[in-house]
Amino acid sequence: MCLLSRRNFLGTAAAGLPLSALAAAAPDAPAKTASPGSYLDAARETARWIRSAARKTDEGVLWLPDPDHPEKTATITAPASLYTGNAGTVLFFLQLAKATGDASYLDDAKAGADYVRANWRGVPDFPFVATHKKFNLDFNHGLSGTAFSLAQVWQATGDPAYRTAALTVTQYIVDAARSVGGGVDWIGAPGAAMGDGAIVLYLLWAAHAFEDPAYLQLAVRAGKRFLQLSEKPADGGLKWNGFRSEWFGIKQEIYMPNFEFGTAGVAYVLARLYEETKDASFLDAAKAGIQHVQNLSTVSGDSALLFLSDPGGKDLYYLGYCGGPVGTARAFYQLYQVTKEPEYLQWTERFARGVMTSGVPEKQTPGLWNVVCQCCGTAGIIDMFTSLWLATKKQEYLAYAQRVAEQTLSRATNLDGKGLRWYQAWTRTKPWEVAAETGYMVGAAGVATALLHVQLASENHYQAILFPDNPYPRT
């Protein structure tokens with residue numbers, strides 16, 4: 001295991017090299033990547049495995065989240081959610097149908113969405129890892145993602161039943177808002193991946209998708225509440241903490257500055273609110289939040305990483321989406337999009353180089369353990385670098401995405417002949433708990449989607465369903 005700490009990140013010889021020299025400097029880099037066609041084959045084989053986990057009901061199809069344990073109809077989140085449930089897997093089948101022209105995959109998506117449409121009311125009461133039940137309204141874990149998935153099926157099929165269902169779920173979210181401090185909130189935590197920020201981002205998306213400015217108005221009211229919740233750290237800028245330790249059974253208060261719970265994610269949300277409203281207060285706060293992130297980041301040459309938490313993780317660097325640069329870099333790129341200030345694009349690329357100089361994918365680190373998923377693993381990294389290639393046209397980013405894709409593909413399993421899946425330890429602190437799930441954020445659907453995206457990018461036919469917290473090009 002390569003122990004990536006602040007000390008050896010600062011001391012790594014590769015950190016000071018120009019980006020074009022990184023591949024040559026990495027002794028473990030493969031001589032060549034797989035043929036891009038193999039990524040599409042892998043996506044098809046993953047779909048075959050997920051199909052083997054289908055359970056037909058009177059309401060549609062439920063894909064078992066953990067087929068090795070068929071007694072489970074849910075794992076981390078509810079069956080109608082996006083994180084480990086049907087709503088996320090639907091998005092994989094939609095993208096595979098679009099990429100291949102195979103209508104049977106669209107039939108899969110519709111059957112899975114039918115189940116979601118019939119069972120979404122079970123999401124709010126599902127027992128989640130946090131004690132705060134309203135996390136079941138956010139995007140990854142709750143109803144915002146459910147509504148997004150149903151809307152995507154409506155857009156792909158033109159069937160108004162899915163639009164009606166998506167609007168019904170969205171109205172449930174709207175009705176759950178509570179007035180507080182001159183604004184509104186739902187959870188009382190502003191995080192962009194796990195909190196009110198995620199709901200705001202969905203509402204901004206929904207305002208366009210459904211042509212309803214009321215969703216934008218509600219999102220703005222929530223954004224005003226975020227401004228009230230800001231704190232002024234001693235070293236300048238602004239900060240937000242979306243992690244409440246008591247919700248997770250932790251006695252000690254912890255600050256997580258990254259995307260899921262922290263300042264980086266809130267800055268992204270505020271930058272999106274500025275993009276929609278041109279309200280300078282949102283832009284000023286987003287810039288101040290990013291200043292704080294910059295102040296906390298460990299910089300080595302032209303590379304940067306941001307620690308996981310304080311206390312307990314100041315020498316730990318996650319490399320994925322939830323607590324690492326895959327998410328945090330999005331805030332910098334979003335600010336670049338709305339300001340065109342080169343500094344923010346430079347910092348986006350600094351976080352990319354932080355990943356590239358870490359030793360992954362050939363080596364594991366404490367912040368990228370035995371995990372391949374979209375949330376905290378290599379699938380998220382694949383999508384990050386594919387997106388950076390689209391945004392910058394720098395070939396080395398696509399080459400790195402393919403390199404990570406090849407290593408990820410090499411870890412797939414098909415011992416029973418049913419198709420491809422990946423066994424991983426989703427929980428870093430419990431590495432002995434290994435499972436192969438079907439879902440999007442921690443399972444095979446999300447991994448195969450990342451491989452599919454590399455395939456499409458390699459052929460210059462990239463099209464993707466990107467979530468509302470993703471600022472990169474969609475085509």
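Asp66 sits in the loop that runs between β2 (60-63) and α4; helices here are DSSP runs of H or I with at least four residues, strands are runs of E with at least two, and both are numbered from the N terminus. This is a predicted model, in which local features need pLDDT of at least 70, side-chain atom pairs count only at pLDDT 80 or more, and totals for chains, interfaces and linings use all residues. Residues are numbered from 1 along each chain as its sequence is written, and side-chain values use heavy atoms, with hydrogens and water left out.

Is Asp66 buried or exposed? Asp66 counts as buried because its relative accessibility is 4%; the classes are buried under 20% relative accessible area, exposed over 50% and partly exposed in between, with a 1.4 Å probe and protein chains only. Leaving out residues up to four places away in sequence, Asp66 touches Lys72, Thr75, Ala435 and Ala436, where contact means heavy atoms within 4.5 Å.

## How confident is the model?

The chain has a mean pLDDT of 92, with 91% of its residues at 70 or more; pLDDT is the predictor's confidence in each residue, from 0 to 100. Residues 11-34 are the stretch to watch: pLDDT is below 50 there, and the stretch has 36 contacts in the model beyond near neighbours in sequence.

## The nonpolar core

In soluble globular proteins, nonpolar side chains tend to be buried together. Here, the largest nonpolar core has 166 residues, and those with the most contacts inside it are Trp186, Tyr202, Phe210 and Phe385. (Such a core is a set of buried Ala, Val, Leu, Ile, Met, Phe, Trp, Tyr and Cys residues joined through side-chain atoms within 4.5 Å.) Helix α8 (residues 196-209) gives the most to this core, with 11 residues.

Take Phe210 as an example. Not counting residues up to four places away in sequence, its contacts include Tyr202, Trp154, Trp205 and Arg163.

## Cavities

A search of the whole structure turns up four cavities of 30 Å³ or more. On a 1 Å grid over the protein atoms alone, a cavity is a set of points where a 1.4 Å probe fits but cannot get out, a pocket is an open set with protein on both sides within 12 Å along at least five of seven lines, and lining residues have an atom within 4 Å of a point. Grid points are joined across faces, edges and corners, and a volume is the space filled by probe spheres set on the points.

The largest cavity comes in at about 180 Å³. It has 16 lining residues, with Arg330, Gln374, Asp383, Phe467 and Asn470 closest to its centre. Helices α12 (325-339) and α14 (378-392) are the elements that give two or more residues to that lining, and α14 has the largest share, three residues. By class, the lining of the largest cavity divides into eight nonpolar, five polar and three charged residues; Ala, Val, Leu, Ile, Met, Phe, Trp, Tyr, Cys and Pro count as nonpolar, Asp, Glu, Lys and Arg as charged, and the others, Gly among them, as polar. The second largest cavity is about 50 Å³, and Tyr202, Phe139, Tyr321 and Asp469 are among the residues that line it. That lining has eight nonpolar, one polar and one charged residues.

## The second largest pocket

This pocket has a volume of about 440 Å³ and 19 lining residues, of which Lys98, Gln152, Gln463, Ala464 and Ile465 lie nearest its centre. Both α4 (86-100) and α6 (143-157) supply at least two lining residues, and α4 gives the most, with five.

## Gln228 and its glycine neighbours

Gln228 belongs to helix α9 (residues 213-229) and is partly exposed, because its relative accessible area is 43%. Which residues does Gln228 contact, leaving aside neighbours within four places in sequence? Val180, Gly181 and Gly182. The C-alpha atoms of Gln228 and Gly181 are separated by 7.8 Å, though the two are 47 residues apart along the chain.

Two cis bonds to proline are worth a look. The Asp310 to Pro311 peptide bond is cis, with omega near 0°, and Pro311 is in the loop between β6 (303-305) and α12. Val360 and Pro361 are also joined by a cis peptide bond, with omega about 15°; Pro361 falls in the loop between α13 (342-356) and α14.

Then there is positive phi in residues other than glycine. Lys340, in the loop between α12 and α13, has phi near 60°. Lys393, in the loop between α14 and α15 (395-410), has phi near 65°, and it counts as exposed because its relative accessible area is 58%.
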